[in-house]
Amino acid sequence: ELLNPSLELTKTSHTVTEPLSKGDHSISADSIDQTFNYNVQVSKEELRKNNQEEIDKLLLDLENFSQKMEITLRETTVEQTDSRYLKSSDLTSEDKGKDCFSEDKSVPSSLSKLVEINGHKMDEDDKTLLLRILESIEDFAQELVEFQLGKGSLSKEKEVMHILQETLATPSITVDKHSYIDSAKKKPVSPLIQQMPEVIKVQNKQDKKLVTPSLTPTNSTITPQSLLSTNKETVGAPLSINIPTFYFPYGLPNICNNHDEIIIKVEAAFSEFEDKKVPYNEMGKIIKICGCPLYWKAPMFSASGGEQTGFVSVHSFVAMWRKILHNCHDDASKFICLLAKPNCNYLEQEDFIPILQDIVETHPGLTFLKDAPEFHSRYITTVIQRIFYIVNRSWSRKISLIELKKSNFLQTLALLEEEEDINQITDYFSYEHFYVIYCKFWELDTDHDLYINQSDLARYNDQALSSRIIERIFTGAVLRGSQEQKENQMSYADFVWFLISEEDKRCLTSIEYWFRCMDLDGDGTLSMYELEYFYEEQCERMESMGIEPLPFHDLLCQMLDLVKPEYEGRITLRDLKRCRMAHVFYNTFFNLEKYLDNEQRDPFAVQKDVENDSPEPSDWDRYAAEEYEILVAEESGSVQLQEGSFEDDYETDELLSMSEIGEKSDNLVISHLSA
């Protein structure tokens, strides 16, 4: 790799033999000066063109060169085979170290240690020369940084070259052939001090190869052209740097975790059962030993082969759990590995059915559903759609590992174990929310085939939505149903998305939902033409009600002031998410009832809502709570009127405990759903 023979600092004996004479090299000081001057001129021209890149590389090379010199000197001090000499040289090295340290206190401690060499006699001139080389390299590196910033000049270049010329001319440190050959057989040769100022490549430890340099000096001349070509090739060569792993998609491995201890505890728990086989209803004990939430037991039971046999053996469970611990290092990756299909790194809707079926059958807050198994699938469908509504931000119908990590689903799932009242967990699993959604759908589905059409959806909330937005919903822009569903029909799963989006236009998925509906041409922006198209129907409806509508031009100015779009003349999805007033914007163009309510609202209250960052129940949580109270009250009143004892039952209800009232309301829900 080097063009000229080098002075080598390797493991040698303490004697210095075969000095290199000045005549062995055909390079004179004048020729080196000429070569250097020519090289400096060429280098300056290249630095002007690509100043940043070359200076950075040169700084890196100088730093590595300096480190290799220190390592080389350090290695020469460590390994000595002559024990007698080591004993006799201990005192000598200590004396030398004290003398050197007292002579020059400004030398760094690392360099002072290098001077205290055990078993290697080195003249004071050699020590001083090496220290000068290291100090000059540091000064030259500092000047390069200043030159890069446009300050100062490269005055140290000549000094560095002068020192290197002295090294070539001084027959100071050489090597014994026989001792060098012996050491080369044992260990790769350490870095060399180069004769010519050539940039040193940065290599990994694996890339370093055993080098056997020539022991006989070669007479060679260096021309400016050859030196320039060598520098170009070396500087342009790509650097091989060992970059540590920084991306762990399946979690950061924790070396402190002792998986063997967990396996031993699992095996001990299995030994308590007959034939070391655990049935499904006892899987909770094993799950807690593994440190997982209780409601992971269904997917873990299935992953261990329990579905086929009805039980899990210790060998199958340990093999499954060892594999997961080896490949997955966080809860999200473990969860996907347990639920996903083979060779899949994402979750689909049907993958959640086993875990949700287990929640329906075993959670204490859903015990009343045991007597109504026909509604298990409806509840599971609702929960699955709510999970994908919040977690699946890509709208791909596939929950990825990153989406699962960014959501709160796993934390909410773990809360089910601690909270007996499932209605307190409003995210995903609330039965009250399911009851509201299903009752609203049941009111619109007159033929009860679990599908509704455009005319059915138009009756929602007393014709609140415009016909044009309903047409857009059924065009396929937002429908999430399968390909097998009926044409121009909305399934119950799609209705879950519609209802949450309609009643909570502040959440991100709702903003995306209605943006897809209003973007008629699908170009990713809302043009003024598209806004006018939806507002025309709003004007017609207001005129039929005797209300004078605001001209579109004036309304458009209000909406642009409200949203403050980044680009003039068009509104993007990003603009609506950023403005935090998307619900007002959407209601203005297709929900007349909410638009009129907003027009009559105190404008200062609207501004207060925008500035309020305190955590409050979402619009959907408030709507679901209000509707649930209304539905239960209506159902309770109808039942009491049918029995003819409304007043008596009302007085009796005042004496019931809270648990009895809750149980009664649950029974009313079941009776209403069964109607």
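What does the chain average in pLDDT, and what share of the residues score at least 70? I checked this before anything else, as the model is predicted. The average is 73, and 59% of the residues score at least 70.

Residues 1-29 have a pLDDT below 50. I noted 90 contacts for residues 1-29 in the model, beyond near neighbours in sequence. Residues 78-121 also fall below 50. For that stretch I have 46 contacts, again beyond near neighbours in sequence.

Next, the core. The largest nonpolar core holds 127 residues. Among those with the most contacts inside it I listed Phe317, Phe335, Phe352, Phe409, Phe429, Ile473 and Phe585. Which helix gives the most to this core? I found helix α19, residues 431-444, with nine residues.

Leaving out residues up to four places away in sequence, Phe409 touches Phe335, Phe352, Ile387, Val391, Leu404, Tyr428 and Phe429.

Then Asp621. I placed Asp621 in helix α30, which spans residues 619-643. Is Asp621 buried or exposed? Asp621 is buried, and I found no salt bridge for it. The nearest side chain of opposite charge belongs to Arg386, 5.0 Å away. A salt bridge needs a nitrogen-to-oxygen distance within 4 Å. Asp621 does touch Thr426 and His433, not counting residues up to four places away in sequence.

Last, the annotation. An unreviewed UniProt entry lists residues 506-541 as "domain: EF-hand". In the model I read that span as 69% helix and 8% strand. Its end C-alpha atoms lie 25 Å apart.

Methods
Residues are numbered from 1 along each chain as its sequence is written. This is a predicted model: local features need pLDDT of at least 70, side-chain atom pairs count only at pLDDT 80 or more; totals for chains, interfaces and linings use all residues. Side-chain values use heavy atoms; hydrogens and water are left out. A nonpolar core is a set of buried Ala, Val, Leu, Ile, Met, Phe, Trp, Tyr and Cys residues joined through side-chain atoms within 4.5 Å. Buried means under 20% relative accessible area, exposed over 50%, partly exposed in between (1.4 Å probe, protein chains only). Helices (H or I, at least four residues) and strands (E, at least two) are DSSP runs, numbered from the N terminus. Contact means heavy atoms within 4.5 Å. UniProt positions are given in the numbering used here, feature names are shortened, and annotations may be inferred rather than shown by experiment. Lys and Arg count as positive and Asp and Glu as negative; His and the chain ends are not counted. pLDDT is the predictor's confidence in each residue, from 0 to 100.
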